[in-house]
Amino acid sequence: MIKENGLFARATAAESVTLSAEEAALAHELLAKLLGAAEPATLGDMAATTAAPATVTQTEEQQAIALARSVYQSRRRRAEHFGPALFSEPAWDMLLVLFIYGGRGDRTSVSKLAEFSQSPLTTAIRWLDYLESQRMIVRTQCEHDRRKFFVSLSDKGSRMMTDYFVGLIKTGMAS
């Protein structure tokens with residue numbers, strides 16, 4: 001099912017999008033350019049180029065968190081300059097915040113995540129539901145206020161974020 005959202009249409013999580021041969025070729029060419037390849041690479045080549053290391057040192061993890069913090073701050077500056085609606089990606093902003101705060105051992109409330117992602121609470125909850133269904137986050141109920149929940153990255157979500165940023169650093173894409 002395709003859901004209309006303002007100017008954009010998107011496939012729901014359980015569905016896929018079919019591309020024409022021309023669209024697939026354009027997407028392939030764009031990915032090659034984004035990866036800095038002289039010629040379009042195969043998908044296997046692209047995966048090998050961006051694959052994250054199997055093990056991550058504590059220093060690499062700290063560098064990954066620092067890079068995530070820089071990306072988040074850059075996104076906030078961009079939103080101030082162009083307006084928040086133009087580049088709205090609440091799920092990505094929430095993952096960045098959880099990765100940054102998780103590195104410090106802090107817990108983050110659902111309402112704070114909505115604020116950090118500059119999205120309405122209902123939008124934040126919808127994205128958190130999706131991230132939880134993908135086992136990327138864990139929600140825990142506050143022990144003092146049963147109406148309040150805290151969110152943190154799951155082991156899988158933390159590993160994915162670390163691998164992503166370490167991969168950017170190691171391939172020189174983070175410069």
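Two residues are in contact when heavy atoms lie within 4.5 Å. By that criterion, among contacts in the protein between residues at least 6 apart in sequence, 50% join residues at least 24 apart.

This is a predicted model, in which local features need pLDDT of at least 70 and side-chain atom pairs count only at pLDDT 80 or more, while totals for chains, interfaces and linings use all residues. Residues are numbered from 1 along each chain as its sequence is written, and side-chain values use heavy atoms, with hydrogens and water left out.

**Overall make-up**

Seven helices and five strands make up the secondary structure of the protein. Helices (H or I, at least four residues) and strands (E, at least two) are DSSP runs numbered from the N terminus. Read from the N terminus on, the order of elements is β-β-α-α-α-α-β-α-α-β-β-α. The protein has 175 residues, of which 27% count as buried; buried means under 20% relative accessible area, exposed over 50%, and partly exposed in between (1.4 Å probe, protein chains only). The protein exposes about 11,600 Å², and carbon and sulfur atoms supply 55% of that area. Accessible areas come from the Shrake-Rupley method with a 1.4 Å probe, and for residues only the protein chains shown count as cover.

**Strand pairing**

Two strands pair if DSSP finds at least two bridges between them. Strand 5 (residues 149–153) pairs with strand 3 (residues 108–109) in the antiparallel sense over two bridges. Thr108 has Val151 in strand 5 as its bridge partner. Strand 4 (residues 137–141) also runs antiparallel to strand 5, joined to it by five bridges. Here Thr140 is bridged to Phe150 of strand 5.

| Residue | Relative accessible area | Class |
|---|---|---|
| Glu60 | 15% | buried |
| Tyr101 | 22% | partly exposed |

Glu60 belongs to helix 3 (residues 58–82). Not counting residues up to four places away in sequence, Glu60 touches Thr55, Val166 and Lys170. Glu60 is classed as buried because its relative accessible area is 15%.

Tyr101 is in helix 4 (residues 90–104). Leaving aside neighbours within four places in sequence, Tyr101 is in contact with Asp106, Thr108 and Phe116. Of these, Thr108 is the residue whose bridge partner in strand 5 is Val151. Tyr101 and Ser152 are 51 residues apart in sequence, and their C-alpha atoms are 8.5 Å apart in space.
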